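Here's a quick briefing on a two-chain model. Have a look at the structure first, then read on.

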Amino acid sequence: MDAFKSLINYVSNPTILFTAVLVGFPFVFPPTNWFYKVHKKLGIDKLWTKKGLIIMVAITVAFFIFGLGDDNFKKIVLKPDNVPISGLIILLIFFTWLSLSQAYKNDKLIDEGKPVDEYYEAPNDKVLVWPDLVYVELISLILFSAFMLIWSIGLPAPLEEPANPSESPNPAKAPWYFLGLQEMLVYFDPWYAGVVLPTFIIIGLMAIPYIDTDPNGSGYYSYKNRMLSLSIYLFGWLVLWNVLIVIGTFLRGPNWGFFGPFEYWDSHRLEALTNVNLSEIIYIKWLNMGLPSNILLREAPGLLIMFLTFAVTPPLLARTALKSFYERLGSTRYTIFVVLMIFGVLLPVKMYLRWFFNLKYIISMPEFFFNF
Amino acid sequence: MSDKKNIFERIAEGQIWKSIFRGGGAPKSRRQRMMVVLNSVFLHLHPVRLPKHAVKLKFTWCMGGLSFFIFLILTISGILLMFYYRPTIEYAYTDIMDLTEQVPFGIMREIHRWGAHAMVIAVWLHMFRVFMTGSYKPPREFNWSVGVILLVLTLLLSFTGYLLPWDQLAIWAIAVGSNMAGATPFLGAEGPGSSLLAIGDINFITKASDARFGLIGGRFLGEATLLRFYVLHCIGLPFIIMIFMAVHFWRIRKDGGISTPV
């Protein structure tokens with residue numbers, strides 16, 4: 001048991017957990033035909049059958065039941081405000097399964113040249129709102145109310161000590177739905193993780209219908225015909241949003257240090273802070289000279305990298321790998337799409353740079369509070 | 001004897017009932033069933049007829065409707081809580097304590113808190129469903145964007161409410177969140193570029209004039225913050241979210257109802 005627990009503690013380290021998710025993701029939610037073929041060949045599509053659902057839910061529930069036998073696990077998971085997240089994990093598995101099982105069924109129907117499940121012949125296949133919809137709504141409403149009552153009776157709302165601005169808890173955490181962003185604070189400064197990134201997420205979400213202009217696949221579940229857009233969305237939603245929330249909630253303890261699910265939250269554990277800036281790596285470590293006093297010269301390497309990333313990469317990709325994209329989307333849509341994608345990719349990139357090279361900032365101008 | 005009417009039938013045929021529910025009696029014929037939707041201000045959010053997949057839970061997940069229903073639960077429980085809660089540092093915590101300690105079987109606060117979590121999750125799952133069915137595609141692009149705004153407003157409503165119990169959990173969660181505002185580019189005192197907004201030696205963006213100050217109504221979390229968040233939570237944000245909800249629901253109908261395969 002203890003060996004299993006320490007194994008889980010070890011593999012839930014963000015470095016390993018996130019890498020595993022990152023590598024596994026394209027095979028579970030293939031973005032391109034090649035991945036799709038491997039996905040089929042490996043039989044991963046069986047996840048979206050009834051058996052797959054039972055296995056996924058059984059493993060998750062078994063893990064939670066097993067975990068609740070452990071005091072450290074129990075303490076974190078049963079914290080009242082964390083309970084919804086455990087619920088969210090199960091709901092995410094179920095609804096991902098529900099949408100993809102229907103999508104794969106429809107994919108098969110489309111392949112066979114048959115109409116999709118949701119197809120109907122107007123006006124014969126229409127039903128009346130009264131009573132067909134109204135009673136569904138009424139039943140959902142009653143069941144949900146009953147669920148809310150049971151939840152509210154069973155789990156008291158948390159109320160801690162009275163507010164004391166001079167005594168900060170360790171760790172101080174934002175409300176759970178923002179913990180993915182708080183997790184990003186490890187890798188980025190507040191101006192980016194707390195302000196600019198959320199703004200990009202909102203803009204990016206609002207821009208989806210104006211970037212994905214393919215009119216096919218509206219009004220029914222499908223995967224194959226919308227592979228790329230679904231894969232990108234699922235990556236952002238499941239991995240960058242929800243996995244990071246789970247990490248931020250369950251696996252981040254005092255001083256925002258990493259703690260495995262079965263590990264005691266020791267507030268005296270020290271984290272080595274040995275992160276260095278790109279300018280320091282280049283000028284001090286490689287060139288063996290001091291940092292130039294001119295800010296622009298000092299940050300030239302970082303600025304150059306950012307320039308290459310945002311000004312050179314998009315047109316380069318437009319002529320090479322993403323040529324068909326560029327032709328289909330036109331220059332405005334293409335530019336917005338690629339720039340948003342680069343900002344998205346920068347998150348994991350910065351995470352790995354931190355993990356492997358202890359890189360603190362690519363550009364560091366504390367003089368202007370500008371660190372990236 | 002069979003033509004003798006029971007009490008319900010007599011009420012249904014009386015002047016009062018008929019004046020309230022036009023059409024009278026239980027809707028049995030197809031025409032009556034259509035009229036019952038058309039004649040009701042609440043039901044006529046719906047169309048009269050729907051494609052058959054639109055009433056299936058496996059298609060809709062009922063998450064949009066549930067989000068709205070939870071919003072109603074939260075409004076009602078929130079109004080009740082407002083009777084007993086005073087948004088001042090002196091009373092806020094003790095009022096919540098009283099709700100917990102003094103009310104036998106009191107679960108109004110639990111309904112409100114767990115309802116808020118449930119609404120966040122329901123809104124997320126609604127968005128998930130809409131994406132998976134490609135329902136953001138033309139002609140529904142704009143309504144998707146309105147939905148994103150509703151998502152943000154839902155999170156802000158939950159965030160502002162988080163402070164109100166005025167316990168350690170509340171103020172430190174808000175402290176983490178509101179410190180971010182101080183780092184807003186140009187507009188936060190600790191944000192990049194804020195020192196550029198200056199004339200000579202006079203900085204426009206200081207700790208007493210930046211975005212964080214505007215959010216929490218002071219340099220530190222205190223009385224002004226509590227009142228500010230209370231007003232935003234109870235009046236300001238609900239007002240805004242209701243406007244966007246009206247647009248959202250209206251546009252569902254105007255964009256052709258629930259999405260269907262072409």
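Helices (H or I, at least four residues) and strands (E, at least two) are DSSP runs, numbered from the N terminus. On that basis chain B comes out with 11 helices and 3 strands, while chain A has 14 helices and 3 strands. Keep in mind that this is a predicted model: local features need pLDDT of at least 70, side-chain atom pairs count only at pLDDT 80 or more, and totals for chains, interfaces and linings use all residues. Residues are numbered from 1 along each chain as its sequence is written, and chains are lettered from A and ligands numbered from 1 in the order in which they are written.

**Overall build**

- Going along the sequence, chain B reads α-α-α-β-α-α-α-α-α-α-β-β-α-α.
- The radius of gyration of chain B (taken over C-alpha atoms) is 25 Å, against the 18 Å or so that a compact globule of 262 residues would have, going by the rule of 2.2 Å times the number of residues to the power 0.38.
- The C-alpha trace of chain B spans about 95 × 55 × 30 Å along its principal axes; for chain A the spans are about 80 × 60 × 40 Å.

**Burial and contacts**

- A residue is called buried if 20 or more other C-beta atoms lie within 10 Å of its own, exposed if 12 or fewer, and partly exposed in between, with C-beta atoms placed from the backbone.
- That makes 45% of the 262 residues of chain B buried, and 26% of the 372 residues in chain A.
- Two residues are in contact if their C-beta atoms, placed from the backbone, lie within 7 Å.
- Take the contacts between residues at least 6 apart in sequence: in chain B 59% of them join residues at least 24 apart, and in chain A the figure is 65%.

**Nonpolar cores**

- A nonpolar core is a set of buried Ala, Val, Leu, Ile, Met, Phe, Trp, Tyr and Cys residues joined through C-beta atoms within 7 Å.
- The largest one has 113 residues, and B:Ile70, B:Met119, B:Ala122 and B:Ala170 touch the most other members.
- Helix H7 (residues 108–132) of chain B puts in the largest share of this core, 16 residues.
- A second, separate core has 10 residues, including A:Val129, A:Leu133, B:Val36 and B:Ala54.
- Setting aside neighbours within four places in sequence, B:Ala170 has A:Ala163 among its contacts, along with B:Tyr162, B:Leu163, B:Leu164 and B:Pro165.

**Helix H3 of chain B**

- In helix H3 (residues 30–38) of chain B, the buried residues are B:Arg33, B:Val36 and B:Val37.
- They sit on the same side of H3(B), because they cover an arc of only 95° around the axis, counting the directions from the helix axis to the C-beta atoms.
- Their cover includes strand S1 (126–128) and helix H7 (129–154) of chain A.
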